[in-house]
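Here's a quick briefing on a chain you have open in your viewer. Have a look at it first, then work through the notes below.

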Amino acid sequence: MRGSLLRAALAFAFLAVLLAAAPLAAQAGQVTGRVVDAATGRPVAAARVAVQGLQRAANAGVDGRYTITGLPAGTHSLSVTALGYASKTVTGVQVREGGTATQDISLSAATLLLESVTVTAQAERGSVTQALDEQRTAVGVVNALGAEQIARSPDSDAAQAIRRVSGVTVQEGRYVVVRGLSERYTTAALNGARIPSPEPERRVVPLDLFPAGLLQTVSTTKTFTPDMAGDFSGALVNIRTREYPAEPVFSISSTLGYNPDVAGQTLALPPLGRVDYTAFGSGRGLPAEVARHGDFQQGGTIGSDQYNAMVNSFRNVWLPEQQTGGMNGSLSMSLGGTRPVLGRDLGYVGSFSYSRDYEVLADHRRAQVLLSDESTGEVRETDRFTGDVSRVGVLWGGVLNLSASLGENHRLSFNNTYNRSSESEARADSGSIELTGLDLIVNRLRLVERSVRSNQLRGEHGVGRGSLEWTVTSSGVTRAEPDRSEWVLDTSNGTRRWYAISNEAAVRTFGDLAENSMEGGADYHLPLGGERHRLSFGGMFRTTDRDAQNTSYSISALGLPEDATSLTPAEIFDGRFSGEDDRYFLVVPLGVGGSYAAEDRLAAGYGMLELGVTDRIRVIGGARVERSEVTVTSDPTFGATDVANPGYTDVLPALAVNVDLTDRQKVRFSASQTLARPEYRELSAIAYRDVIGEELVRGNGGLRRTLIQNYDARWEWYPAGDEVVSVGVFAKQFDGPIERIYLPTSGSRIVSFANAESAFNYGLELELRKSLSMLGTVGESFSVITNATFVRSDVKVVGEDADRPMVGQSPYVINAGLAWAPSSGRSSATIFYNLFGRRITSAGAGVLPDVYEQPRGVLDFSLRHGWSDRFSFKVDAENLLDADYEFTQGGVVRESYRTGRSISFGVSWRR
């Protein structure tokens with residue numbers, strides 16, 4: 001793997017030098033862009049774009065793209081014609097010597113009089129603003145963020161950027177929640193293809209894996225159409241990586257960040273080697289001496305010499321190190337352009353980014369609850385632990401996308417993405433366990449590494465009167481927890497001694513997950529009766545395989561001399577007590593953990609008809625059929641193999657009506673049925689636990705998929721190309737929603753998953769993105785970016801009289817921002833505020849109360865300024881309020897902490 005990454009990096013560097021050093025082809029300039037349908041946003045293939053006064057013209061390809069070369073410097077006018085559309089003239093297109101002007105053009109359906117339209121280039125650019133244009137012309141309810149908006153924000157990855165979208169919040173800094181629903185109802189795609197999740201316990205993809213510098217757009221689709229995956233229920237987040245620019249561009253940028261709670265402070269940090277900053281944990285993994293014993297129940301009795309050999313084989317690192325916290329930093333570079341290759345234009349873009357961040361969970365507190373009154377469900381606090389948690393995170397990734405036109409009716413694209421992250425964590429919590437009456441200090445070192453890979457080949461072809469689109473995508477994810485350690489000290493008698501008699505006082509855990517997916521799909525679109533009607537049909541097949549392992553080993557020493565237990569673990573395990581004649585140590589696998597394998601096969605087909613009932617009314621209807629077969633085979637550390645094998649065939653209809661009230665106002669109505677399937681880990685009988693005193697989590701092989709009926713209505717008004725005002729209402733009816741629940745037990749606290757009987761949620765969405773030009777000259781530079789979502793949900797649980805909100809459901813989500821961007825274009829500033837209402841993170845079964853995450857406001861500020869056409873700098877201030885994260889259960893604070901404020905400075909250079 002490392003060798004292939006090195007070769008890929010060298011190849012990218014060679015390509016960068018070769019293309020950046022290549023001279024410009026000529027002093028003549030060119031104009032390029034896309035021709036799209038003003039109503040639908042679809043490309044207008046074969047549109048004729050001509051330069052007035054010159055013998056220069058080009059036809060748009062199957063994707064609507066056109067390029068006209070050999071233009072002298074100056075101001076030109078473009079004439080655009082296409083069958084079935086009113087002709088348009090775009091004036092004032094500025095082409096500089098040897099440069100490239102980008103001019104996208106929208107065409108409206110022809111009226112009976114076939115009137116021609118003339119607009120200026122500046123007005124035309126404003127009418128096809130990329131992100132809002134995608135939102136305006138979509139079949140359903142879509143919210144989109146473009147690269148320009150992302151660049152103006154302080155957001156460093158896709159998870160942070162998407163917080164600005166209406167109805168969106170982010171849990172734990174990486175998991176997206178839309179319209180207040182649990183993250184299980186959100187799916188993620190990369191360039192239109194499903195991204196596997198690297199999380200063993202969650203279906204959702206952590207979007208912090210995608211650096212902001214690699215993003216072209218992030219769109220959130222909230223309504224279902226038959227050409228989408230059926231398990232889209234709350235939203236589909238599609239991340240599109242950067243597209244190639246029209247002219248050669250090379251840019252490099254760097255940032256340096258400061259958090260006063262971290263930088264320069266003495267912290268208990270995880271010990272890291274140099275290789276850890278590459279997100280590859282060198283020298284870690286299950287020792288061969290331990291692995292060869294399997295479940296320790298084969299091959300007869302294990303002798304003391306073998307136990308000693310196993311103890312000596314573990315990596316002798318157990319405790320955090322007192323270190324000085326550092327500053328956060330990042331570096332990114334991009335290269336892109338278009339080059340003639342074999343007589344065809346080859347578009348290319350390559351990007352790479354790297355960042356390292358320090359984080360602290362200051363004033364960290366965690367506790368459990370016990371029922372104090374079973375008749376009322378009243379609880380009290382127990383097992384409280386306090387202490388700081390420190391983390392060092394690394395994130396790097398790269399994109400290499402290529403695209404070539406093979407004539408007017410054919411285009412091929414090859415998109416490649418690889419991202420990798422690591423999170424090293426150290427914690428030292430002190431507290432007491434009520435059951436044993438002991439005061440303890442729990443030390444934990446944890447490293448989690450994740451990766452996401454996607455390789456996609458995409459084709460677009462004009463076939464007959466229609467167009468064919470196909471994709472073949474190979475993707476894979478990994479998640480490794482190569483060597484987690486827990487070391488527990490007993491401080492009950494005023495001393496600090498290893499709690500050597502416990503089987504949870506010295507634990508090493510090894511986890512590994514690998515998932516690979518192959519997906520192929522094709523869509524054919526056939527115009528009927530001109531461009532007013534369109535028939536679409538297609539299908540897809542996806543095969544996914546996952547292997548996951550998680551095993552824990554306990555080290556105890558019943559006869560170890562008492563004075564030895566006061567030594568550090570590095571001294572206890574340095575070999576002095578594991579010699580040839582020593583018989584102190586015992587190594588046993590813990591009952592929690594094991595391995596599971598998942599095989600997932602999904603086949604789908606759909607048909608969809610778009611009817612232009614009138615010039616202003618479009619009706620979209622159809623259905624999708626999906627056959628899903630999943631097999632999850634679980635092998636616990638102890639016990640029999642368990643197999644869960646759910647399979648379903650589902651018919652998922654959808655109907656939408658879009659009405660253009662005016663050229664700038666639209667009303668949408670939609671109704672559909674979708675579903676949500678349980679995650680592989682939720683079907684697995686494997687149980688696991690994080691650390692002593694925390695919950696045990698166990699899957700449920702009897703889970704069934706959830707069926708969901710969706711209803712949406714929305715009014716949209718687009719006063720200008722970069723403005724929108726919208727009001728929407730929505731409702732969802734759930735049959736068998738899957739909920740994360742606490743099981744009432746007298747021993748270990750167990751979290752599991754269960755189907756509730758039903759659920760219903762409904763809500764209101766408001767969005768405003770508007771210039772303040774009505775306030776006069778000063779207001780022309782300012783705009784407001786505000787959206788709010790208000791939701792109500794009720795879950796009906798079998799055997800319970802009272803209803804409650806759904807797990808993960810926030811009653812409200814508010815995003816508010818003020819942006820400043822003067823006409824000079826050199827500077828911009830934004831201030832953002834995000835707030836969500838309290839939401840259930842785990843539901844309590846029986847009389848146990850639910851666990852709530854309390855409301856938390858986030859305030860961020862960002863400033864950009866360009867010194868020149870090439871140099872710019874930025875200042876970002878994040879989490880200015882530094883509000884506490886707080887989780888409560890029946891009045892007891894289960895967990896709370898804060899992360900501190902941060903400020904970063906960055907510079908960029910562009911050629």
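In which strand does Val 472 have its place? Val 472 sits in strand β26 (residues 466-490); strands here are DSSP E runs of at least two residues, helices are H or I runs of at least four, and both are numbered from the N terminus. Bear in mind that this is a predicted model, where local features need pLDDT of at least 70, side-chain atom pairs count only at pLDDT 80 or more, and totals for chains, interfaces and linings use all residues. Residues are numbered from 1 along each chain as its sequence is written, and side-chain values use heavy atoms, with hydrogens and water left out.

**Surface patch**

- Val 472 teams up with Phe 414, Leu 457 and Met 518 in a nonpolar patch on the surface, and together they have about 320 Å² of accessible area.
- Patch members have over 30% relative accessible area and no salt bridge; like charges are joined within 9 Å, and nonpolar side chains (Val, Leu, Ile, Met, Phe, Trp, Tyr) within 5 Å.
- The areas come from the Shrake-Rupley method with a 1.4 Å probe, and for residues only the protein chains shown count as cover.
- Val 472 counts as partly exposed because its relative accessibility is 40%; the cut-offs are under 20% for buried, over 50% for exposed, and partly exposed in between (1.4 Å probe, protein chains only).

**Salt bridges**

- The count comes to 46 salt bridges, taking one to be a side-chain nitrogen of Lys or Arg within 4 Å of a carboxyl oxygen of Asp or Glu.
- Glu 610 has a salt bridge to Arg 534, at 3.4 Å from N to O. That pair links distant parts of the chain, with Glu 610 in strand β30 (residues 585-612) and Arg 534 in strand β29 (residues 533-557), 76 residues apart.
- Glu 610 also forms a salt bridge with Arg 618, where the closest N and O atoms are 3.0 Å apart.
- Arg 292 counts as exposed, since its relative accessibility is 54%, while Glu 289 is partly exposed at 22%.
- There's also a network of salt bridges linking Lys 222, Arg 668, Arg 714, Glu 716, Glu 765, Glu 767 and Arg 769.

**Strand β21 and its partners**

- Strand β21 (residues 344-373) pairs antiparallel with strand β20 (residues 328-341) over 13 bridges; pairing takes at least two DSSP bridges between the strands.
- Leu 331 stands opposite Tyr 354 in β21, and Tyr 354 in turn stands opposite Trp 396 in β23.
- β20 and β21 make a hairpin with 2 residues between them, and Leu 342 in the turn has a positive phi of about 55°.
- Strand β23 (residues 389-405) runs antiparallel to β21, joined by 16 bridges.
- β21 pairs with strand β22 (residues 378-386) in the antiparallel sense over 7 bridges, with Leu 371 and Val 379 as bridge partners.
- The β21-β22 hairpin has 4 residues between the strands, and Gly 377 takes a positive phi near 80° there.

**Helix α7**

- Which residues of helix α7 (residues 304-313) are buried? They are Ser 304, Tyr 307, Asn 308, Met 310 and Val 311.
- These residues lie on the same side of α7, because they cover an arc of only 160° around the axis; the arc is taken from the directions from the helix axis to the C-beta atoms.
- The cover over the buried residues of α7 includes α6 (288-291), β29 and β30, with contact meaning heavy atoms within 4.5 Å.

- Ala 279 has a positive phi near 70° despite being a residue other than glycine. Ala 279 lies in the loop between β18 (266-269) and α6, and counts as buried at 0% relative accessibility.
- Asp 882, also not a glycine, has a positive phi near 50°. Asp 882 is in the loop between β48 (871-878) and β49 (885-889), and counts as buried at 10% relative accessibility.
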